Structure formats: C-alpha cells, structure tokens
Amino acid sequence: MKTRITELFGVEHPIMQGGMHYVGFAELAAAVSNAGGVGIITGLTQRTPELLAKEIARCKEMTDKPFGVNLTFLPSVTPPDYPGYVKAIIDGGVKIVETAGNNTQKWLPALKEAGIRVIHKCTSVRHALKAEAIGCDAVSVDGFECGGHPGEDDVPNFILLPRAAEELKIPFLASGGMADGRSLVAALALGADGMNMGTRFIATKEAPVHENVKKAIVAASELDTRLVMRPLRNTERVLVNAGVERLLEKERALGANIKFEDIFNEVAGVYPKIMTEGDMDAGAWSCGMVAGLIHDIPTCKELIDRIMLEATDIIRGRLAGML
Ligand SMILES: Cc1cc2nc3c(=O)[nH]c(=O)nc-3n(C[C@H](O)[C@H](O)[C@H](O)COP(=O)(O)O)c2cc1C
C-alpha cells in the first residue's frame with residue numbers, strides 16, 4: 001500500500017505507533033519499525049537528554065529502519081530541558097519527530113533544518129490547520145475515542161477525520177480507536193493517509209510493560225474507560241480502576257473548586273507503578289475505548305501483517321464485491 005504517509009516517512013506500511021509514556025522504549029519502537037511501520041520512542045519518559053541519546057542509540061542497534069521520537073510539550077512551571085531533548089534527537093540522526101501539546105512552533109526551525117519530518121498530534125481541525133500553517137509535514141488527528149488526552153471538544157473520528165480531510169492539504173493519520181484492518185480501510189475512506197495506534201500497540205509481545213497491563217487491556221471492554229481531569233481542562237481518557245474511581249469521587253465532591261493538588265496521589269508518578277510494577281490500581285493511566293477491540297497479544301509483526309492483509313481483503317473482496 002502506498003499513501004502520502006508511506007512516501008513521507010519512507011516506510012512500507014501507513015501505520016504509526018504513537019508516543020506513550022513508559023511504553024515507548026526502544027524495544028517497542030524498533031519492533032514496530034522492523035515490521036514496516038513507524039515506531040516512536042517517547043522522549044520525556046527518558047528523564048534527561050543524555051538518557052534519550054542512549055535510548056536512540058539502543059534503538060539503532062535493534063533496527064536499521066526509520067523510527068521517530070515523540071516530544072510532548074506540556075505547560076509546566078519548571079519545563080523539561082527541551083533544547084537538550086531536541087539536540088539529542090538531531091545529534092542522534094533521528095529523522096522523524098512526533099510532537100504533541102503546545103509550542104511546537106518554537107522548535108520547528110531547528111528540527112526542519114536537520115532534515116527531520118515533523119508530524120504534530122492534535123485533537124481539532126483548528127489545531128491541525130495551525131500545524132499546517134507553521135510548516136509541519138503531517139498531522140495525527142486524535143478523535144474523542146483516543147487513549148490519552150482527547151482535548152475538550154469531544155468530536156469523534158467519524159466527524160473529525162472527514163472534517164480534517166475537508167480542510168487540510170498536508171497528509172494526516174487517523175488516531176484514536178484504531179485497531180485492525182477495518183480501522184485502516186475506514187480511516188483511508190474518511191480521507192486519512194494512514195493510522196496511528198497507541199493502546200493496540202501496548203498489547204503486543206514486544207511492548208516492554210508488565211504483563212498485567214496487557215492482560216487488563218485484553219480483558220477490558222469499550223465501556224471500561226473514563227474521562228478524568230475534565231474540571232482542570234486537562235481531560236485524559238484512562239482505564240477504570242480503584243484509583244480512578246477515587247479520583248472521580250473527588251471530582252464529584254469538589255466540583256469546580258478542585259485543584260491538581262487534590263488528585264496528586266491518583267495521577268502523579270503512576271506510570272512506573274502501572275507499567276513497570278503492574279500495580280493495576282495505582283491510579284490513572286491512558287487507555288483508549290479501542291480496548292474493546294483488542295483480544296490478543298501478538299508480536300508487532302503479526303499485528304501489522306494481519307492489519308495489512310485484512311485491509312487488502314476488505315478493499316479487494318468485500319468493498320469491490322459490492323460494486
Ligand atoms: C499509555 C499511553 C500513554 C500515552 N502517552 C503519550 C505521551 O506521552 N505523549 C503523547 O503525545 N501521546 C501519548 N499517548 C497518546 C498516543 O500516542 C495516541 O495518540 C493514542 O493512544 C491514540 O489512541 P488509541 O489509544 O485509541 O490508539 C499515550 C497513550 C497511551 C495509551
């Protein structure tokens with residue numbers, strides 16, 4: 001399959017693995033890239049630019065295919081060393097960067113000058129248009145169903161993707177709720193040039209997370225995610241658990257007066273407890289509604305091969321047969 005995304009990134013299949021905190025280590029990025037997709041290392045999971053440089057070097061030992069790094073720009077009182085992370089990416093010879101959050105514009109000139117392709121992840125048409133206007137090469141459009149931060153507009157992909165297609169000139173990936181060959185064909189039909197997956201890639205053999213996390217995703221249905229931190233305008237879609245129920249109870253009790261400090265225990269420092277230790281009730285961790293479509297734990301190659309085969313069968317068989 002050839003799309004504007006396979007051409008842009010020089011990869012075999014139009015499938016990308018989104019940056020994921022404490023999941024996007026070199027093992028997963030390399031496995032996705034070796035399977036013909038775009039694997040992504042999550043920059044900020046590495047605590048310092050030096051550690052990111054090491055992770056990039058480790059990934060290069062595991063694959064000679066293109067892979068990228070996610071840089072998430074969060075509003076913060078004491079921001080991470082972004083100049084250092086950008087330098088580690090450029091010096092490491094990485095050619096793809098997935099940005100998310102605010103202020104990508106500031107870092108774009110340095111990335112572009114280094115010949116890096118930048119794909120910005122956004123949750124609305126207006127942010128996608130902004131990314132296009134400032135010179136991003138592509139965008140990843142995250143619908144309301146996505147795991148992680150869906151924004152505050154709540155537009156699901158059946159509307160968001162065709163709206164993006166109406167407005168954008170640059171290529172874009174459908175993100176949020178994507179799991180299989182059906183997702184890929186639907187995404188292409190709605191105007192996207194490929195798809196980005198988060199939650200689906202956690203439930204793979206190579207994802208370097210605790211087995212409990214993979215089992216929780218397989219066991220979950222499409223009804224098992226919750227939206228947290230909406231009153232703080234920092235909405236996150238997470239898998240329900242005892243910590244999340246506690247958090248939601250506080251949101252109900254405190255209403256509009258809630259502050260980040262009130263939910264600190266349920267959201268801060270949770271990722272290592274969940275992803276590394278497998279303590280599944282530790283608190284809020286991102287997970288998409290797509291968990292309801294995830295029933296197994298294949299290798300990344302098995303998953304991507306299966307998606308491409310299924311997509312081809314749907315296009316050549318089911319759809320062509322209807323004409
Ligand atoms: C556990 C987890 C952690 C994530 N961490 C990040 C992150 O650090 N930065 C980011 O830009 N997106 C992050 N995301 C969002 C994903 O990159 C992707 O956009 C999203 O998962 C797509 O929705 P899906 O889960 O329905 O496939 C995360 C998602 C998950 C499930």
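**Close-up 1. Phe25 and its aromatic partner Tyr22 in the predicted model**. Phe25 is buried, because its relative accessible area of 18% falls under the 20% cut-off. Tyr22, with a relative accessible area of 19%, is likewise buried, as this value too is under 20%. The ring centres of Tyr22 and Phe25 are 6.2 Å apart and the ring planes meet at 75°, so the pair is classed as edge-to-face, an angle over 60 degrees being what that class requires. A search of the whole structure finds five aromatic pairs.

**Close-up 2. The rings of Tyr82 and Trp107**. Here the centres of the two rings lie 6.3 Å apart while their planes stand at 45°, so the pair of Tyr82 and Trp107 is described as tilted. Tyr82 belongs to helix H4 (residues 82–91) and Trp107 to helix H5 (residues 104–113), so the pair ties together parts of the chain that are 25 residues apart in sequence. Tyr82 counts as buried at 6% relative accessibility, and Trp107 also counts as buried, at 14% relative accessibility.

**Close-up 3. The aromatic cluster that includes Phe73**.

**Close-up 4. Arg237 over the ring of Phe144**. In this view a charged side chain is set against an aromatic ring: Arg237 lies over the face of Phe144, at 4.9 Å from the centre of the ring, a distance within the 6 Å limit applied to such contacts.

How values were computed. Residues are numbered from 1 along each chain as its sequence is written. This is a predicted model: local features need pLDDT of at least 70, side-chain atom pairs count only at pLDDT 80 or more; totals for chains, interfaces and linings use all residues. Side-chain values use heavy atoms; hydrogens and water are left out. Rings of Phe, Tyr and Trp (its six-membered ring) pair if their centres lie within 6.5 Å; planes under 30 degrees apart count as stacked, over 60 as edge-to-face and the rest as tilted. Buried means under 20% relative accessible area, exposed over 50%, partly exposed in between (1.4 Å probe, protein chains only). Helices (H or I, at least four residues) and strands (E, at least two) are DSSP runs, numbered from the N terminus. A charge sits over a ring if NZ of Lys or CZ of Arg is within 6 Å of the ring centre and within 35 degrees of the ring normal.
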